[in-house]
Amino acid sequence: MSSEAKRSSPSQGQASTGPLKIGLLMMGHVDPKSVHVAGDYPELFASLLEGQGIELVRYDLDEGRFPDDLRACDGWLSSPSRLSAYDPVPWLADAEDLLREIVAVEAPFVGICFGHQLLAQALGGTVEKSPYGWGVGVREFDVVTRRSWMGEGNDTVALIGSHQDQVTRLPDAAELLFSSDYCPYGGFAIGERAWTIQVHPEFVPPLADHLLAGRIELIGAQRVAKARATLDRPLDRHVVARWIGEFFASNR
């Protein structure tokens, strides 16, 4: 990371009260043609995490606005993106440096979709287009490894997927958390203070439906129709929201 982007590490035993301040690392945006349905990622995550005692603080990494100090927030949450982790976009190198630094200082971190992929790549894993093609619609993932912040129950989670890229090789230090038949490496943990998931707890069915309706040519009519037909299935959004809240609270 450039000298201009150097940051301070979180101090140990730092006391705080009130809502958890979680930095939302913006690495992309909802398609502008669909943003009217449920908002952009700040609105989607605020709605998802309502009641979890979390206040989101926005950092637009895609516009060069990086945190100056990792002590500024109690933890970090990365947004999805329509980019690929391996795209030759200049700010992505600094974003990878930031994720490596977050892990190195053990600042709490949750990576969603693109954030899952970028953390894997930053730590030596592999991200590439899957031979399966687009993973869209409601998808069920097995919970392979249970962590304390998950509590009891929920051996599977059903959430909305919207991705063509996948992690195809985990970083050496990673422990697999979530897996499915089409996406074997659907989420992982690094130590006790960082974890990821490929699918979208923040997505709601009307947004997914609108996105799919506009991507028939990109994804294919048959796969879009099949995905849209899954959107009335029950979702585990609030289960994963609780996991995120418990994870950050336990690492405060």
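Visitor: Start with confidence. What is the mean pLDDT of the chain?

Guide: This is a predicted model. The mean pLDDT is 93, and 94% of the residues reach 70 or more.

Visitor: Where does pLDDT stay under 50?

Guide: Over residues 1–15. The model has 27 contacts beyond four places in sequence for that stretch. Where pLDDT is low, predicted coordinates should not be read in detail.

Visitor: Noted. On to the inside. Which residues touch the most other members of the largest nonpolar core?

Guide: F178, W195 and W243 do, in a core of 50 residues. Helix α8, residues 237–250, gives the most to this core, with 7 residues.

Visitor: What does W243 touch?

Guide: Leaving out residues up to four places away in sequence, W243 touches V143, W149, M150, N154, V157, F178 and W195. Two of those names, F178 and W195, are also on the list of residues with the most core neighbours.

Visitor: What other core lies apart from it?

Guide: One of 29 residues. Its members include F66, L92, A107 and F114. In soluble globular proteins, nonpolar side chains tend to be buried together.

Visitor: Now strands. Which way do the side chains of β4 point?

Guide: Strand β4 covers residues 109–112. F109 and G111 point one way, V110 and I112 the other, and all are buried. In a regular strand, side chains alternate between the two faces of the sheet.

Visitor: In what sense do β3 and β4 pair, parallel or antiparallel?

Guide: Parallel, over 3 bridges, with β3 at residues 75–78. L77 stands opposite V110 in β4. The chain gets from β3 to β4 through helix α3, residues 90–104, and this β-α-β crossover is right-handed.

Visitor: How many bridges join β4 to β11?

Guide: There are 4, and these strands run parallel. Strand β11 spans residues 194–197. F109 stands opposite A194 in β11.

Visitor: And the side chains of β11, buried or exposed?

Guide: All are buried. A194 and T196 point one way, while W195 and I197 point the other.

Visitor: In what sense does β10 pair with β11?

Guide: Antiparallel, over 2 bridges, with β10 at residues 187–190. A189 has W195 as its bridge partner in β11. The hairpin of β10 and β11 has 3 residues between the strands, and G191 takes a positive phi near 65 degrees there.

Visitor: Where is C113, and what is its phi?

Guide: C113 is in the loop between β4 and α4 (114–122). Its phi is near 55 degrees, again positive in a residue other than glycine. C113 counts as buried, because its relative accessibility is 4% and the cut-off is under 20%.

Visitor: Change of topic. How many salt bridges are there in the whole structure?

Guide: A search finds 13. R58 and D60 make one of them, at 3.1 Å from N to O. R65 also forms a salt bridge with D60, with the closest N and O atoms 3.2 Å apart.

Visitor: Is D60 buried or exposed?

Guide: Buried, at 6% relative accessibility.

Visitor: Which helices do R228 and D209 sit in?

Guide: They form a salt bridge, with the closest N and O atoms 2.8 Å apart. R228 is in helix α7, residues 221–228, and D209 is in helix α5, residues 205–213. The pair links distant parts of the chain, 19 residues apart. R228 is partly exposed at 34%, and D209 is partly exposed at 27%.

Visitor: Last one. Which residues do salt bridges with shared partners join into one network?

Guide: R58, D60, E63 and R65.

Key
Residues are numbered from 1 along each chain as its sequence is written. This is a predicted model: local features need pLDDT of at least 70, side-chain atom pairs count only at pLDDT 80 or more; totals for chains, interfaces and linings use all residues. Side-chain values use heavy atoms; hydrogens and water are left out. A nonpolar core is a set of buried Ala, Val, Leu, Ile, Met, Phe, Trp, Tyr and Cys residues joined through side-chain atoms within 4.5 Å. Buried means under 20% relative accessible area, exposed over 50%, partly exposed in between (1.4 Å probe, protein chains only). Contact means heavy atoms within 4.5 Å. pLDDT is the predictor's confidence in each residue, from 0 to 100. A salt bridge is a side-chain nitrogen of Lys or Arg within 4 Å of a carboxyl oxygen of Asp or Glu. Two strands pair if DSSP finds at least two bridges between them. A crossover is right-handed if, with the strands pointing away from the viewer, the path from the first strand over the helix to the second runs clockwise.
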